[in-house]
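Work through the exercises below with the sequence and the model at hand, and try each task before reading its solution.

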Amino acid sequence: MSLLDRVRACRNFDPDDYTPFIVDGLQVGRVRAESIVELADFGEVFAFEGVAMMLRGHIHGFEARTEAMDAVTRELHDRGLIPGWREEAYPVGTGYSDPPLFDMERAAVTFFGVRGYGVHVNGWVDGTDGPAMWIGRRALHKPTGPGLLDQMVAGGQPSGMALLENVIKECREEAGMPEDLARTAKPVGAISYVTARAEGLRHDVLFNFDIEVPADFTPVNEDGEVAEFMLWPMARVLGELATRETFKFNSALVVIDFLVRHGFVDPETPGYTDIVAGLHG
(Lines give C-alpha, C1' and ligand atoms only; values in the text may rest on other atoms or scores of the structure.)
Protein backbone atom coordinates (compact mmCIF):
# COMPACT_ATOMS: atom_id res chain seq x y z
CA MET A 1 0.00 0.00 0.00
CA SER A 2 1.26 3.47 -0.95
CA LEU A 3 -0.06 6.89 -1.89
CA LEU A 4 0.26 5.95 -5.55
CA ASP A 5 -1.81 2.81 -4.91
CA ARG A 6 -4.60 5.01 -3.53
CA VAL A 7 -4.52 7.11 -6.69
CA ARG A 8 -4.41 4.13 -9.03
CA ALA A 9 -7.38 2.56 -7.25
CA CYS A 10 -9.48 5.41 -8.68
CA ARG A 11 -8.31 4.82 -12.25
CA ASN A 12 -9.64 1.33 -12.93
CA PHE A 13 -12.03 2.26 -15.72
CA ASP A 14 -12.26 0.22 -18.96
CA PRO A 15 -14.47 1.99 -21.53
CA ASP A 16 -15.09 -1.30 -23.35
CA ASP A 17 -17.22 -2.42 -20.39
CA TYR A 18 -19.73 0.40 -20.90
CA THR A 19 -22.24 1.71 -23.42
CA PRO A 20 -22.19 5.48 -24.06
CA PHE A 21 -25.33 7.33 -22.98
CA ILE A 22 -26.18 10.07 -25.49
CA VAL A 23 -28.60 12.96 -25.00
CA ASP A 24 -29.25 15.51 -27.76
CA GLY A 25 -26.12 14.33 -29.55
CA LEU A 26 -23.91 14.72 -26.47
CA GLN A 27 -22.41 11.95 -24.39
CA VAL A 28 -23.42 12.46 -20.77
CA GLY A 29 -22.73 9.04 -19.26
CA ARG A 30 -21.75 5.40 -19.59
CA VAL A 31 -23.90 2.41 -18.68
CA ARG A 32 -22.59 -1.01 -17.74
CA ALA A 33 -23.31 -3.65 -20.35
CA GLU A 34 -25.31 -5.80 -17.93
CA SER A 35 -27.58 -2.84 -17.14
CA ILE A 36 -28.59 -2.42 -20.77
CA VAL A 37 -30.81 -5.51 -20.44
CA GLU A 38 -32.89 -3.70 -17.80
CA LEU A 39 -33.00 -0.44 -19.73
CA ALA A 40 -34.26 -2.22 -22.86
CA ASP A 41 -37.63 -2.37 -21.07
CA PHE A 42 -37.93 1.41 -21.49
CA GLY A 43 -38.18 1.54 -25.27
CA GLU A 44 -40.33 4.66 -25.17
CA VAL A 45 -37.47 6.51 -23.48
CA PHE A 46 -34.27 5.00 -24.87
CA ALA A 47 -33.15 4.00 -28.36
CA PHE A 48 -30.26 1.62 -28.93
CA GLU A 49 -28.25 2.24 -32.07
CA GLY A 50 -24.89 0.63 -32.70
CA VAL A 51 -22.83 0.80 -29.52
CA ALA A 52 -24.75 3.69 -27.94
CA MET A 53 -27.90 4.24 -25.90
CA MET A 54 -29.73 7.46 -26.66
CA LEU A 55 -32.53 9.37 -25.04
CA ARG A 56 -35.23 9.48 -27.70
CA GLY A 57 -35.42 12.72 -29.65
CA HIS A 58 -39.08 13.40 -28.92
CA ILE A 59 -38.13 13.84 -25.23
CA HIS A 60 -36.88 17.36 -25.66
CA GLY A 61 -36.06 20.11 -23.18
CA PHE A 62 -34.96 20.16 -19.56
CA GLU A 63 -38.36 19.51 -17.98
CA ALA A 64 -39.38 16.68 -20.30
CA ARG A 65 -36.04 14.93 -19.94
CA THR A 66 -36.11 15.30 -16.16
CA GLU A 67 -39.63 13.86 -15.99
CA ALA A 68 -38.79 10.93 -18.26
CA MET A 69 -35.62 10.04 -16.39
CA ASP A 70 -37.38 10.37 -13.05
CA ALA A 71 -39.94 7.76 -14.10
CA VAL A 72 -37.19 5.40 -15.28
CA THR A 73 -35.03 5.76 -12.20
CA ARG A 74 -37.94 5.27 -9.81
CA GLU A 75 -38.85 2.04 -11.59
CA LEU A 76 -35.22 0.88 -11.40
CA HIS A 77 -35.22 1.73 -7.71
CA ASP A 78 -38.39 -0.34 -7.22
CA ARG A 79 -36.58 -3.25 -8.92
CA GLY A 80 -33.74 -2.93 -6.41
CA LEU A 81 -31.24 -1.77 -9.03
CA ILE A 82 -30.78 1.75 -7.62
CA PRO A 83 -30.48 1.58 -3.83
CA GLY A 84 -30.16 4.45 -1.37
CA TRP A 85 -32.78 6.78 -2.84
CA ARG A 86 -32.29 10.33 -1.51
CA GLU A 87 -34.80 12.62 -3.24
CA GLU A 88 -31.90 14.91 -4.15
CA ALA A 89 -31.58 16.27 -7.69
CA TYR A 90 -28.22 16.32 -9.46
CA PRO A 91 -27.58 18.19 -12.72
CA VAL A 92 -26.66 16.11 -15.78
CA GLY A 93 -24.71 17.65 -18.64
CA THR A 94 -21.31 17.82 -20.27
CA GLY A 95 -19.56 20.12 -17.80
CA TYR A 96 -20.15 21.97 -14.55
CA SER A 97 -20.42 25.40 -16.21
CA ASP A 98 -22.65 24.17 -19.04
CA PRO A 99 -26.45 24.34 -18.76
CA PRO A 100 -27.73 20.98 -17.50
CA LEU A 101 -29.72 18.87 -19.93
CA PHE A 102 -31.85 17.45 -17.11
CA ASP A 103 -31.83 16.68 -13.40
CA MET A 104 -31.43 13.19 -12.01
CA GLU A 105 -31.88 11.58 -8.61
CA ARG A 106 -28.50 11.47 -6.87
CA ALA A 107 -28.69 7.73 -6.20
CA ALA A 108 -28.98 7.06 -9.95
CA VAL A 109 -25.86 8.95 -11.00
CA THR A 110 -23.54 5.94 -10.80
CA PHE A 111 -26.01 3.60 -12.53
CA PHE A 112 -25.94 5.82 -15.61
CA GLY A 113 -22.28 6.79 -15.19
CA VAL A 114 -23.01 10.51 -15.46
CA ARG A 115 -20.62 13.05 -14.04
CA GLY A 116 -21.18 13.93 -10.42
CA TYR A 117 -19.86 16.91 -8.47
CA GLY A 118 -19.06 17.49 -4.83
CA VAL A 119 -17.41 19.84 -2.36
CA HIS A 120 -14.74 18.61 0.06
CA VAL A 121 -13.42 20.81 2.83
CA ASN A 122 -10.08 20.18 4.53
CA GLY A 123 -10.23 21.60 8.04
CA TRP A 124 -6.79 22.12 9.50
CA VAL A 125 -5.17 23.76 12.50
CA ASP A 126 -1.75 25.43 12.66
CA GLY A 127 -1.06 24.38 16.24
CA THR A 128 1.91 24.81 18.54
CA ASP A 129 3.04 21.27 17.72
CA GLY A 130 2.71 21.83 13.99
CA PRO A 131 -0.15 21.55 11.49
CA ALA A 132 -2.92 19.05 12.17
CA MET A 133 -6.03 18.03 10.24
CA TRP A 134 -9.56 17.33 11.40
CA ILE A 135 -10.59 13.88 10.17
CA GLY A 136 -14.19 12.68 10.22
CA ARG A 137 -15.35 9.09 10.50
CA ARG A 138 -18.42 8.39 8.41
CA ALA A 139 -21.50 7.09 10.19
CA LEU A 140 -22.18 3.38 9.83
CA HIS A 141 -25.54 4.01 8.16
CA LYS A 142 -24.01 5.94 5.24
CA PRO A 143 -24.81 4.24 1.90
CA THR A 144 -21.21 4.58 0.67
CA GLY A 145 -18.08 4.12 2.76
CA PRO A 146 -19.73 3.50 6.14
CA GLY A 147 -17.22 3.81 8.97
CA LEU A 148 -14.43 5.04 6.70
CA LEU A 149 -12.41 8.22 7.20
CA ASP A 150 -13.29 11.44 5.43
CA GLN A 151 -12.70 15.18 5.28
CA MET A 152 -13.99 17.34 8.11
CA VAL A 153 -16.80 18.31 5.71
CA ALA A 154 -17.83 16.83 2.36
CA GLY A 155 -21.00 16.58 0.35
CA GLY A 156 -22.45 16.19 -3.10
CA GLN A 157 -23.22 19.25 -5.20
CA PRO A 158 -27.00 19.38 -5.77
CA SER A 159 -28.74 21.07 -8.66
CA GLY A 160 -29.32 24.80 -8.45
CA MET A 161 -26.93 25.58 -5.59
CA ALA A 162 -23.72 27.62 -5.74
CA LEU A 163 -20.54 25.94 -4.53
CA LEU A 164 -19.89 28.30 -1.61
CA GLU A 165 -23.54 28.09 -0.59
CA ASN A 166 -23.17 24.32 -0.46
CA VAL A 167 -19.92 24.59 1.52
CA ILE A 168 -21.65 26.78 4.11
CA LYS A 169 -24.60 24.39 4.34
CA GLU A 170 -22.42 21.30 4.68
CA CYS A 171 -20.14 22.99 7.22
CA ARG A 172 -23.17 23.79 9.36
CA GLU A 173 -24.75 20.33 9.06
CA GLU A 174 -21.65 18.17 9.31
CA ALA A 175 -19.40 20.20 11.61
CA GLY A 176 -21.63 22.71 13.41
CA MET A 177 -19.54 25.51 11.91
CA PRO A 178 -20.82 29.08 12.04
CA GLU A 179 -21.31 30.80 8.71
CA ASP A 180 -18.65 33.46 9.26
CA LEU A 181 -15.99 30.76 9.66
CA ALA A 182 -17.33 28.68 6.77
CA ARG A 183 -17.09 31.70 4.49
CA THR A 184 -13.31 31.72 4.99
CA ALA A 185 -13.10 28.46 3.00
CA LYS A 186 -10.54 28.92 0.23
CA PRO A 187 -11.13 27.23 -3.12
CA VAL A 188 -7.90 25.38 -3.90
CA GLY A 189 -8.69 23.43 -7.06
CA ALA A 190 -10.35 20.18 -7.96
CA ILE A 191 -9.61 16.51 -8.43
CA SER A 192 -11.31 14.20 -10.91
CA TYR A 193 -11.45 10.50 -11.65
CA VAL A 194 -13.39 7.82 -13.48
CA THR A 195 -13.54 4.60 -11.50
CA ALA A 196 -15.61 1.44 -11.51
CA ARG A 197 -17.19 0.77 -8.14
CA ALA A 198 -19.59 -1.84 -6.86
CA GLU A 199 -22.40 0.73 -7.00
CA GLY A 200 -21.61 1.69 -10.60
CA LEU A 201 -19.35 4.06 -12.51
CA ARG A 202 -18.09 7.05 -10.52
CA HIS A 203 -17.22 9.89 -12.90
CA ASP A 204 -16.65 12.70 -10.44
CA VAL A 205 -15.22 16.17 -10.07
CA LEU A 206 -14.58 17.23 -6.47
CA PHE A 207 -14.13 20.94 -5.77
CA ASN A 208 -11.71 21.26 -2.87
CA PHE A 209 -11.57 23.92 -0.18
CA ASP A 210 -9.23 24.54 2.75
CA ILE A 211 -10.29 26.12 6.03
CA GLU A 212 -7.71 26.97 8.67
CA VAL A 213 -9.85 26.71 11.79
CA PRO A 214 -8.98 28.24 15.18
CA ALA A 215 -7.31 26.01 17.74
CA ASP A 216 -10.35 26.34 20.01
CA PHE A 217 -12.81 25.15 17.34
CA THR A 218 -14.05 21.56 17.62
CA PRO A 219 -16.41 20.26 14.93
CA VAL A 220 -19.72 18.86 16.16
CA ASN A 221 -21.87 16.89 13.75
CA GLU A 222 -25.51 17.94 13.46
CA ASP A 223 -26.97 15.72 10.72
CA GLY A 224 -25.96 12.28 11.97
CA GLU A 225 -23.64 11.59 9.03
CA VAL A 226 -20.36 11.72 11.01
CA ALA A 227 -19.70 9.29 13.84
CA GLU A 228 -16.69 11.12 15.31
CA PHE A 229 -13.98 13.68 14.62
CA MET A 230 -10.26 13.28 15.29
CA LEU A 231 -7.54 15.93 15.15
CA TRP A 232 -4.45 14.24 13.72
CA PRO A 233 -0.95 15.60 13.11
CA MET A 234 0.01 15.51 9.45
CA ALA A 235 2.50 12.70 10.01
CA ARG A 236 -0.29 10.44 11.22
CA VAL A 237 -2.55 11.46 8.33
CA LEU A 238 0.21 10.66 5.86
CA GLY A 239 1.03 7.36 7.54
CA GLU A 240 -2.62 6.29 7.57
CA LEU A 241 -2.97 7.01 3.86
CA ALA A 242 0.26 5.26 2.94
CA THR A 243 -0.24 2.07 4.93
CA ARG A 244 -3.96 1.42 5.48
CA GLU A 245 -7.20 1.50 3.49
CA THR A 246 -9.18 3.38 6.11
CA PHE A 247 -10.06 6.48 4.07
CA LYS A 248 -13.02 6.55 1.69
CA PHE A 249 -11.59 6.10 -1.79
CA ASN A 250 -12.14 9.65 -3.07
CA SER A 251 -11.54 11.37 0.26
CA ALA A 252 -8.07 9.83 0.22
CA LEU A 253 -7.34 11.69 -3.02
CA VAL A 254 -8.50 14.99 -1.51
CA VAL A 255 -6.15 14.55 1.46
CA ILE A 256 -3.27 13.58 -0.83
CA ASP A 257 -3.91 16.73 -2.85
CA PHE A 258 -3.73 18.77 0.38
CA LEU A 259 -0.47 17.08 1.38
CA VAL A 260 1.04 17.81 -2.04
CA ARG A 261 -0.03 21.45 -2.04
CA HIS A 262 1.34 22.03 1.48
CA GLY A 263 4.63 20.25 0.88
CA PHE A 264 4.07 17.21 3.11
CA VAL A 265 4.39 15.11 -0.04
CA ASP A 266 7.28 16.46 -2.07
CA PRO A 267 9.04 15.60 -5.35
CA GLU A 268 11.31 13.13 -3.51
CA THR A 269 8.28 10.99 -2.62
CA PRO A 270 8.29 7.76 -4.68
CA GLY A 271 5.87 8.06 -7.58
CA TYR A 272 5.41 11.80 -7.04
CA THR A 273 4.76 12.78 -10.66
CA ASP A 274 2.32 9.89 -11.16
CA ILE A 275 0.54 10.84 -7.93
CA VAL A 276 0.12 14.45 -9.04
CA ALA A 277 -1.02 13.49 -12.54
CA GLY A 278 -3.39 10.85 -11.20
CA LEU A 279 -5.33 13.36 -9.14
CA HIS A 280 -6.73 14.77 -12.39
CA GLY A 281 -7.85 11.67 -14.26
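**Exercise 1.** Determine how the length of helix H3 relates to the span expected for its residues.

*Solution.* Helices here are DSSP runs of H or I with at least four residues, strands are runs of E with at least two, and both are numbered from the N terminus. H3 has 17 residues and reaches 24 Å from its first C-alpha to its last, close to the 24 Å expected at 1.5 Å a residue, where the expected span is 1.5 Å times one less than the number of residues. The model is predicted, so local features need pLDDT of at least 70 and side-chain atom pairs count only at pLDDT 80 or more, while totals for chains, interfaces and linings use all residues. Residues are numbered from 1 along each chain as its sequence is written, and side-chain values use heavy atoms, with hydrogens and water left out.

**Exercise 2.** Find which residues of H3 are buried and how they are arranged around its axis.

*Solution.* Take buried as under 20% relative accessible area, exposed as over 50% and partly exposed as in between, with a 1.4 Å probe and protein chains only. The buried residues are Arg65, Thr66, Ala68, Met69, Val72, Thr73 and Leu76. Seen down the axis of H3, they fall within an arc of 170° (taken from the directions from the helix axis to the C-beta atoms), so they line one face of the helix. On the other side of H3, Glu63, Glu67 and Asp78 are exposed.

**Exercise 3.** Explain why Thr66 is classed as buried, and identify what Thr66 touches.

*Solution.* Thr66 lies in H3 (residues 62–78) and is classed as buried because its relative accessible area is 18%. Leaving aside residues up to four places away in sequence, Thr66 touches Phe102 and Asp103, contact meaning heavy atoms within 4.5 Å.
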